[in-house]
Amino acid sequence: MAGPDGTGQEAEGAVRGVTGTRGEDSSGPGGEVAEAWAELVATARRTVADGLVVGTSGNVSVRVGDTVLVTPSGVPYDRLTPADATGVDLEGRQVLGALVPTSELPLHLAVHRTTDARAVVHTHAVHATAVSTLVDELPAIHYMTAALGGPVRVAAYAAYGTPELAGNTLRALDGRTGCLMRNHGALTHGATLDQAYDRTAQLEWMCRVWLTASSVPGLTPALLSREQLAEAGERLRGYGQRR
């Protein structure tokens, strides 16, 4: 896939909305962008280590100012270095790096443009993908459903990398911080990469729980009511350490 300008080559000038981002040598950007890129690479590697993707499937992005850093297309995550930092503006024009951005760039940009997301994680996790082929919405099998905003919807299928897939996914994300994607995988977003990743891991776990419970012959899993999810959501707002 070529870059948005058809060349896949590095754009000239500083990264939009960020200061001190372009180094004078080939070692990669500096400052806030360098730190964000390191976190992005660590998150991408974690998706592989935790079995949420195979090879270079799946992708990760994080927003710094008006720049969206994204995993590049087809490059194994364990080979990424600071010099490989890849970024685009919110219109998809490449402003950092020479590697071609992920083929799912339209999907990531759609989420960054229309939600308050600062980070997006998209995986092809086994259980999430399996559930996406069976139902239109993940049944409320666990109270962590509330952490994603409510019952997790399944976005209608469209070819990867297309505006149609981005649109379908945005509709499934309405009021939610995560969704499944029919015959494809899952996507979550958050205020940080850690939060987006945690939501991905929780979603995959819930899919596994539902598939496991549903597989018991002669029994149907008990599901949570809207009232029970609302109560869980209220309690989750106070979860964790105060800052």
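Entry: I looked up D89 and found it buried, with a relative accessible area of 3%. My cut-offs here: buried is under 20% relative accessible area, exposed is over 50%, and partly exposed lies in between, with a 1.4 Å probe and protein chains only. The side chain of D89 meets that of R93 in a salt bridge, 2.9 Å from N to O. I count a salt bridge when a side-chain nitrogen of Lys or Arg is within 4 Å of a carboxyl oxygen of Asp or Glu. R93 itself is partly exposed, at 45% relative accessible area.

**Entry: ground rules.** This is a predicted model, so I note that local features need pLDDT of at least 70 and side-chain atom pairs count only at pLDDT 80 or more, while totals for chains, interfaces and linings use all residues. Residues are numbered from 1 along each chain as its sequence is written, and side-chain values use heavy atoms, with hydrogens and water left out.

**Entry: the other salt bridges.** How many salt bridges does the rule give? The count comes to five. One of them joins R182 and D136, with the closest N and O atoms 2.5 Å apart. This pair links distant parts of the chain: R182 sits in the loop between β7 and β8, D136 in the loop between α3 (126–132) and β6, and 46 residues separate them. D136 is exposed, at 56% relative accessible area. I also noted D66 with R63, at 3.7 Å from N to O. Of these two, D66 is partly exposed at 37%, and R63 counts as buried at 19%.

**Entry: overall layout.** I find six helices and eight strands in the protein. Helices are DSSP runs of H or I with at least four residues, strands are runs of E with at least two, and both are numbered from the N terminus. Read from the N terminus, the order is α-β-β-β-β-α-β-α-β-α-β-β-α-α. Of the 243 residues, 49% are buried. For contacts (heavy atoms within 4.5 Å) between residues at least 6 apart in sequence, 66% join residues at least 24 apart.

**Entry: helix α4.** Which residues of α4 (163–173) are buried? They are L165, A166, G167, N168, T169, A172 and L173. Their cover includes α2 (105–114), β6 (154–155), β7 (178–181) and β8 (185–190). Just after α4, G175 takes a positive phi of about 75 degrees.

**Entry: G185.** I moved on to strand β8, where G185 is found. G185 is buried, with 0% relative accessible area. Leaving out residues up to four places away in sequence, G185 touches T123, H124, T129 and L180.

**Entry: helices α1 and α5.** My last stop was the helix pair α1 (31–49) and α5 (193–214), each of which supplies at least two residues of a negative patch. The largest share, three residues, comes from α1. E39 lies in α1, and at 41% relative accessibility E39 counts as partly exposed.
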